[in-house]
Amino acid sequence: MNCRKIQDLILTDFTDNEASDDVRRLVEGHLAACSACRAFQAEVRQNAVRPLQEAERVEAPARLWSRVTSEIFAQQLKPAPAGVLEKLKNLVATPRPAFAFSTVAALVIFGILAARLPYLSGRAERQQLAEAAIEEQIDYFANGNGGEVTDTFKTDVEEFFS
Amino acid sequence: MLDITRATIQRAAGGDIGAFEEVYKKTCGFVYNVAWRVTGNREDAEEVAQNVFVTVYRKLAGFRFESSLKTWIYRITVNLALNHVKKASRQRALTVSYDDALAHQDTRLDAIAAPAQEPADPGRVEEILERLNPDQRACLVLRGIEKMSYREIAEVLNININTVRSRIKRARGTLVALREKGAVQGVTS
């Protein structure tokens, strides 16, 4: 294991007693032979570990309890009932981003579909009419309307053959 | 262990202020100290601690005994303290000028560049923690001052254990690097 990996362990698991026995022995073996890593370990202990280990602990100020109870009584707080209703209320009151986004997206899609529905149904109707008209035209040209002429233009030729 | 019975917690959850005071007495020490170390000053710590206990009182009925009460209260404390720090930091960023920030930076660097053999003192802890970002600070406080294991810290902060490891590594690495930088400046100035 190189010095960099050893120093990573010195910054974390080795110093905090989180390393396994095998890792601990490995680091200790390296430290015995490497003066640079021993110096680094001393730096870490002195500047990043000891100050916190020896940090002063203080009592909470006596007035804190008064402040807490004053706030509870001022807000007339009661412990909130837990359960499904509470969760539902929170969900509605403060929608999470993913929930809010999916709700908006669903509403937008619904709106677009609702707006296009009359157009879509009208289009189907128009399509049927167009198809019927084309069929009529095809029949007319294919059959000459059954070989029967119903309209005349009152020409001399028509008069002669009539 | 906090030595608070389940019956006491349930009575407090039902609105019994006497039972809640018992919970308060057993937990106010660590709540106040964590709030102090994360926020960096006692006034803010008091405000955060007050909010923690009001929140605990309000939410106690929802406590499901899936984690320990101590872990649950630690989680509320760290979350509220971090929110407080981040909110204050955003407000400060809007008001502090660049020159002020630079002058402040120099002062802090001098304070950290104390002689290597100087014993740790309470003031220096504040200076050290101030140099870290709030998330790293919270991890280091829970590990260094509250003596929690990585697993406990992960549970309190609701993050992966490797994230805990990474934040502690970066925090300590930053402190060592700042110290080296400060010592160099001390020699040249």
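This is a predicted model: local features need pLDDT of at least 70, side-chain atom pairs count only at pLDDT 80 or more; totals for chains, interfaces and linings use all residues.
Helices in this account are DSSP runs of at least four residues, numbered from the N terminus.

**A nonpolar patch on chain A**

Ile112(A) has its place in helix H6 of chain A, which spans residues 97-143. Together with Val104(A) and Val108(A), Ile112(A) makes a nonpolar surface patch of about 260 Å². Because its relative accessibility is 47%, Ile112(A) counts as partly exposed.

**The interface between chain B and chain A**

The size of an interface is often given as the accessible area lost when the parts come together. Between chain B and chain A the buried area is about 4,300 Å², with carbon and sulfur atoms giving 60% of it. On the side of chain B, Glu46(B), Gln50(B) and Arg172(B) supply 15% of the area that this chain buries against chain A, which is more than any other three residues supply. Counted by contact, 55 residues of chain B meet 40 residues of chain A.

The polar part of this interface can be described in two ways: 18 residue pairs are in polar contact between chain B and chain A, with both residues at pLDDT 80 or more, and 8 salt bridges are found across the interface. The elements of chain B that give two or more residues to the side touching chain A are helix H1 (6-13), helix H2 (17-39), helix H3 (42-59), helix H6 (122-130), helix H7 (134-145) and helix H9 (161-188). Of these, H2(B) gives the most, with 11 residues.

**Salt bridges**

Side chains of opposite charge can pair when their charged atoms come close. Over all chains the structure holds 14 salt bridges, and the table sets out three of them.

| Salt bridge | N to O distance |
|---|---|
| Arg143(B) and Asp16(A) | 3.0 Å |
| Arg67(A) and Glu46(B) | 3.2 Å |
| Glu28(A) and Arg24(A) | 3.8 Å |

In the pair of Arg143(B) and Asp16(A), the side chains meet in a salt bridge at 3.0 Å. Arg143(B) lies in helix H7 of chain B, whereas Asp16(A) lies in the loop between helix H1 (3-11) and helix H2 (21-33) of chain A, so this pair joins two chains. Both partners are below the 20% cut-off under which a residue is called buried: Arg143(B) is buried with a relative accessible area of 15%, and Asp16(A) is buried with 5%.

The salt bridge of Arg67(A) with Glu46(B) has its closest N and O atoms 3.2 Å apart. This pair, too, joins two chains, because Arg67(A) lies in helix H4 of chain A (residues 63-74) and Glu46(B) in helix H3 of chain B.

The salt bridge of Glu28(A) and Arg24(A) is formed within chain A, with 3.8 Å from N to O. The two residues are 4 residues apart in helix H2 of chain A, and therefore are separated by about one helical turn. Glu28(A) is partly exposed, as its relative accessible area is 39%.

How values were computed
Residues are numbered from 1 along each chain as its sequence is written. Chains are lettered from A and ligands numbered from 1 in the order in which they are written. Side-chain values use heavy atoms; hydrogens and water are left out. Patches are made of residues with over 30% relative accessible area and no salt bridge: like charges are joined within 9 Å, nonpolar side chains (Val, Leu, Ile, Met, Phe, Trp, Tyr) within 5 Å. Accessible areas come from the Shrake-Rupley method with a 1.4 Å probe; for residues, only the protein chains shown count as cover. A salt bridge is a side-chain nitrogen of Lys or Arg within 4 Å of a carboxyl oxygen of Asp or Glu. Buried means under 20% relative accessible area, exposed over 50%, partly exposed in between (1.4 Å probe, protein chains only). Contact means heavy atoms within 4.5 Å. Buried area is the accessible area (1.4 Å probe) that two parts lose on being put together, summed over both. A polar contact is a pair of N or O atoms within 3.5 Å; within protein, one must be able to donate a hydrogen and the other to accept it, and residues adjacent in sequence count only if both atoms are side-chain atoms.
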